[in-house]
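Please examine the structure shown here.

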Amino acid sequence: DKNIFSKELFNLFYPAIIHIPPIRERNEDVGFYIQDFLDRFQKMSEKKVACSTRALALLRSFPWPGNFKQMARIISYLISSNTKGVIEESDILNLPDFKSISNSYNLKEQEKQLISRALTHFNGPYSKEAAANALGISKATLYRKIQEYGL
């Protein structure tokens with residue numbers, strides 16, 4: 001009646017503050033939400049798409065800085081663009097969001113990718129010599145690396 005807000009009334013309406021941490025801080029929940037989005041988008045697109053165990057592990061290990069919106073967008077894209085019926089690890093690693101984390105600290109994998117790109121970039125009779133020069137290694141080292149990595 002007096003238009004005064006009492007402290008007791010405030011406590012009645014606002015008994016506790018609930019803090020819900022972002023998904024990146026709830027690792028145990030990530031798998032559940034990934035599976036939920038997979039199921040939901042498969043029903044929406046009327047498409048059956050499986051997810052390989054390595055791809056699922058990669059999705060679970062991702063930090064999800066964009067939280068649920070990013071997760072939903074990525075899984076929706078993976079399902080809608082899939083033509084093989086199985087989401088593979090390579091499908092995920094080709095996404096822009098995952099390029100920065102794909103084997104970022106694995107030196108051998110980085111070396112293999114760099115050599116592979118140099119070999120495809122240089123063509124012609126002296127392509128291996130040009131690739132070796134561009135990589136800053138000898139031709140013998142390049143041949144040894146090609147054999148080592150099966151390129």
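Predicted model: local features only at pLDDT ≥ 70, side-chain atom pairs only at ≥ 80, totals over all residues.

Residues are numbered from 1 along each chain as its sequence is written, and side-chain values use heavy atoms, with hydrogens and water left out.

Most residues other than glycine have a negative phi. Glu46, which is not a glycine, has a positive phi of about 55°, and Trp64 has a positive phi near 50°. Glu46 is found in the loop between α2 (27-45) and β1 (50-51), whereas Trp64 lies in the loop between α3 (53-61) and α4 (67-81). Helices (H or I, at least four residues) and strands (E, at least two) are DSSP runs, numbered from the N terminus. Glu46 is exposed, at 73% relative accessible area, while Trp64 is buried, at 0%. Buried means under 20% relative accessible area, exposed over 50%, and partly exposed in between (1.4 Å probe, protein chains only).

The structure holds four aromatic pairs, including the two in the table.

| Pair | Centre to centre | Angle between planes | Class |
|---|---|---|---|
| Tyr33 and Phe68 | 4.8 Å | 75° | edge-to-face |
| Phe37 and Phe41 | 6.0 Å | 20° | stacked |

Rings of Phe, Tyr and Trp (its six-membered ring) pair if their centres lie within 6.5 Å; planes under 30 degrees apart count as stacked, over 60 as edge-to-face and the rest as tilted. Tyr33 lies in helix α2 and Phe68 in helix α4, so their pair ties together parts that are 35 residues apart in sequence. Phe37 and Phe41 both lie in helix α2, four residues apart.
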